[in-house]
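The following note sets out points for a colleague who is reviewing this model. Please read the numbered points alongside the sequence and coordinates.

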Amino acid sequence: MNTTVRSTFQFIDFLVVESHLSLRRADEYDFQLSIIPSGEIHSSTGQFELRLQVEATDANQQAEIKVVTLATFTYANIPEPQSSKFLTENAPAIVFPYIRAYISTLTTQAGIDPIVLPTMNLSGMADLLQQHIVVNS
C-alpha cells in the first residue's frame with residue numbers, strides 16, 4: 001500500500017517593513033531589479049518567515065526603489081523544511097505579486113506613471129534562499 005504524506009502550507013501575513021522611493025525627475029525608467037531573499041524557520045511553532053528585499057535602480061541613477069517585506073507562513077508535516085520547495089519556491093512566488101502591487105501603488109501615489117515590475121519565475125532563487133534560511137527551535 002502506498003502511503004502519501006500530506007503537507008500543510010499556508011500563507012498567514014504580509015507586512016512591508018521598509019519602503020524607500022527616490023525620484024530625481026519624472027521620466028520613464030529602465031530598471032535593474034535585484035531580489036535578496038532570506039528566511040527564518042521556527043520549528044517549535046511550525047512557522048516560516050520569508051524576508052524579501054526588492055531593489056529597483058534606474059540605469060541612469062534617476063530613480064531608486066527599495067522595499068523590504070516580511071511574510072509569515074505556517075507549515076506542518078514537511079520533513080526538512082529548510083529544503084522544502086514549499087518554502088524555497090512557493091513562498092516567494094506567493095509574496096512577489098503583493099510586492100509588485102505595492103510598488104505600483106507607491107509610484108502612482110507619488111504622482112508619476114505607475115512602475116509595474118515584470119512577472120517573474122522565482123524558482124531560480126530557491127538555492128539562494130535555502131542558503132539564507134536560519135532554523136530556530
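Is K66 buried, partly exposed or exposed, and what is its relative accessible area? The relative accessible area of K66 is 23%, so this residue counts as partly exposed. The points below place this residue in its setting and then turn to the rest of the chain.

1. The model under review is predicted. The chain contains two helices and five strands, and their order along the sequence is β-β-β-β-α-α-β. Along its principal axes, the C-alpha trace extends over about 65 × 25 × 20 Å.

2. The chain has 137 residues, of which 36% count as buried. Its accessible surface amounts to about 8100 Å², with 46% of that belonging to carbon and sulfur atoms. Among contacts with a separation of 6 or more, 69% are made by residues 24 or more positions apart.

3. The salt bridge. One salt bridge is present in the structure. It joins the side chains of E18 and K66, with an N to O distance of 3.5 Å. The two partners belong to distant parts of the chain, as E18 is in strand β1 and K66 is in strand β4, 48 residues apart. In general, side chains of opposite charge can pair when their charged atoms come close. E18 has a relative accessibility of 35% and therefore counts as partly exposed; K66, at 23%, is also classed as partly exposed.

4. Course of helix α1. Helix α1 runs through residues 85–109 and has 25 residues. From its first C-alpha to its last it reaches 36 Å, close to the 36 Å expected at 1.5 Å a residue. At the start of α1, a side-chain oxygen of S84 comes to within 3.1 Å of the backbone nitrogen of F86. Just after the helix, G111 adopts a positive phi of about 95 degrees.

5. The buried residues of α1 and their cover. The buried positions of the helix are L87, T88, A91, P92, V95, F96, I99, I103, S104 and T107.

6. T88 as an example. T88 is a residue of helix α1. Its relative accessibility is 3%, and because buried means under 20%, T88 falls in that class. Leaving aside residues up to four places away in sequence, T88 touches Q82, A126, L129, Q130 and I133.

7. Q82 and its surroundings. Q82 sits in the loop between β4 and α1. With a relative accessibility of 32%, Q82 counts as partly exposed. Residues up to four places away in sequence again being set aside, Q82 touches I41, T88, Q130, I133 and V135. The C-alpha atoms of Q82 and H132 are 9.5 Å from each other, although these residues are 50 positions apart along the chain.

8. Where do Q61 and N77 lie? Q61 is in the loop between β3 and β4, while N77 is in the loop between β4 and α1. Q61 is a residue other than glycine with a positive phi, near 55 degrees. For N77, also a residue other than glycine, phi is positive and near 55 degrees. Q61 has a relative accessible area of 58% and is therefore exposed. N77, at 53% relative accessibility, likewise counts as exposed.

9. S22 in strand β1. S22 is located in strand β1. Is S22 buried or exposed? With a relative accessible area of 17%, S22 is buried, because the class covers values under 20%. Its side chain makes a polar contact of 3.3 Å with the side chain of R24. Beyond residues up to four places away in sequence, S22 touches Q62, A63 and E64.

Key:
Residues numbered from 1 in each chain as written. Predicted model: local features only at pLDDT ≥ 70, side-chain atom pairs only at ≥ 80, totals over all residues. Heavy atoms only, no water. Helix = DSSP H or I, 4+ residues; strand = E, 2+ residues; numbered from the N terminus. Expected span 1.5 Å × (residues − 1). Buried < 20%, exposed > 50% of the residue type's maximum accessible area, 1.4 Å probe, protein only. Polar contact = N/O pair within 3.5 Å; in protein donor to acceptor, adjacent residues only side chain to side chain. Contact = heavy atoms within 4.5 Å. Areas by Shrake-Rupley, 256 points an atom, 1.4 Å probe, with all protein chains shown as cover. Salt bridge = Lys/Arg side-chain N within 4 Å of Asp/Glu carboxyl O.
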